[in-house]
Amino acid sequence: MTPASFDYHAPRSVADAVKLLADLGPDAKLLAGGHSLLPMMKLRFAAPSALIDLGKVAGLRGIAQSGQEIHIGAMTTEHALLTSPLLADKLPLLVEVASWIADPQVRYKGTIGGDISHGDPGNDHPAVMLALDASFVLTGPGGERVLKADGYFLGLYSTQARADEILTQIRIPIPPAGSGWCYSKFKRKTGDFATAAAAVQLQMKGSTVARVSIALTNVGPTPLKACKAEDYLVGKPIDNATLNEAARLAMQPCSPSHCQRGSADYKTVIAGEMVRRALQTAHSRAKP
Amino acid sequence: MATTHTVSFKLNGKPVDVTVEARELLIHTLRERLAHTGPHIGCETTHCGACTVDIDGMSVKACTVLAVQCDGADMLTIEGLEQGGVLHALQQAFHEEHGLQCGYCTPGMITRAYRLLKENPNPSEQEIRYGLAGNLCRCTGYQNIVKAVQSAARTLAAAQPATA
């Protein structure tokens with residue numbers, strides 16, 4: 001299984017990569033970790049005329065705190081997320097999601113920017129980005145623009161990024177100290193995409209919910225925010241009755257397609273259950 | 001139009017130059033051009049891990065990386081583990097603990113375990129199973145593979161001078 005022929009470019013700077021992308025046109029593709037794109041090219045689902053490998057571009061990797069945000073270079077690998085002491089302290093939800101992605105070998109190569117840019121609703125980072133209210137820095141010929149994760153994902157393999165733009169950085173506000181978090185993912189085996197998964201970031205005030213974000217993976221053409229469930233929970237305690245109602249409300253926007261992972265109804269029920277479990281775990285980790 | 005590239009990297013300590021088409025997968029370069037047939041082609045779909053090699057301190061599935069991406073890399077394959085006719089502790093342990101039956105997954109399994117023990121010299125059973133989750137074995141049921149990695153970890157720890 002060898003991909004169709006293509007031209008290969010390995011720029012050393014973001015500016016060179018942006019120029020190449022403009023010069024080569026929309027048939028050129030950016031190569032990040034390659035663990036979604038290369039399999040698609042091997043199966044001839046994709047046959048770009050050229051690859052622009054971002055692997056040797058300086059300054060696209062790394063995790064740093066900037067004021068009240070965490071900034072992550074788009075080429076930062078899942079392995080780097082999983083082993084980052086800064087993320088373990090400030091954004092443990094991101095460490096938890098990385099731990100559920102694929103397998104060790106894939107995590108050494110796969111990148112957070114690639115996972116987001118691919119626009120696959122089966123990928124795990126997009127829903128987590130919604131739950132964390134992340135922003136994305138896109139660099140193009142005209143400079144940089146910053147877009148919110150909410151609204152960024154348009155459909156299968158489709159995002160707000162223009163054909164001449166490169167996702168260069170992810171910016172995530174640091175949740176308040178004492179917040180609870182959980183990524184609950186149901187999958188058939190190691191390496192599989194989620195049948196359904198839920199990302200939760202939860203802030204309690206005393207015994208009731210002050211703020212909660214809930215986002216869902218792989219139950220529609222884009223990651224989904226469970227807004228009705230979020231609104232319902234604010235001001236309420238986390239108990240069996242509120243968990244049941246939140247799970248029911250979170251299932252409403254789901255519109256998964258039938259595939260070998262199950263029927264649409266089954267996946268929707270699994271999504272509700274993932275929301276329930278993620279809320280329970282996030283609650284157990286939150287400090288009042 | 002096929003474009004070719006000359007790629008230079010270090011393979012088991014020795015510098016190599018090889019001319020490849022951009023679309024050539026590393027596993028084919030290793031096996032067909034460089035006669036390193038230790039890394040196996042199993043699934044060709046990034047699942048089985050039989051093609052695992054170690055690149056710049058990372059375990060990588062050589063069926064899902066292009067040879068051109070490896071310019072300047074420092075690469076280790078199963079062929080590079082034995083030193084001066086002496087098996088690596090992992091190879092010895094897989095032999096002694098019956099960590100293989102047909103042997104097809106073994107080069108990838110050992111190359112992955114090598115990096116796992118570099119990062120975590122004293123892993124728990126659960127950490128070994130999680131760390132080897134990208135390598136499939138259809139014979140052993142994994143039990144003796146886990147035992148072999150535990151045994152190799154003990155051997156390697158005993159060989160290290162105690163540090164303060």
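Okay, let's start where the two chains meet: 27 residues of chain B are in contact with 22 residues of chain A. "In contact" here means that two C-beta atoms, placed from the backbone, lie within 7 Å. On the chain B side, the biggest giver is strand 4, residues 58–61, with four residues. Strands are DSSP runs of E, at least two residues, numbered from the N terminus. By class, that side of chain B has 12 polar, nine nonpolar and six charged residues. Nonpolar covers Ala, Val, Leu, Ile, Met, Phe, Trp, Tyr, Cys and Pro; charged is Asp, Glu, Lys and Arg; the others, Gly among them, are polar.

Quick housekeeping: this is a predicted model, where local features need pLDDT of at least 70 and side-chain atom pairs 80 or more, while totals for chains, interfaces and linings use all residues. Residues are numbered from 1 along each chain as its sequence is written, and chains are lettered from A and ligands numbered from 1 in the order in which they are written.

Now, inside chain B. There's domain 1 (4–80) and domain 2 (89–159), with bounds from an automatic or database domain assignment. Their C-alpha centres lie 21 Å apart.

Last stop, chain A. Which residues does A:A199 contact, leaving aside neighbours within four places in sequence? They're A:L93, A:V97, A:A127, A:V128, A:A131, A:Y183, A:A215 and A:A278.
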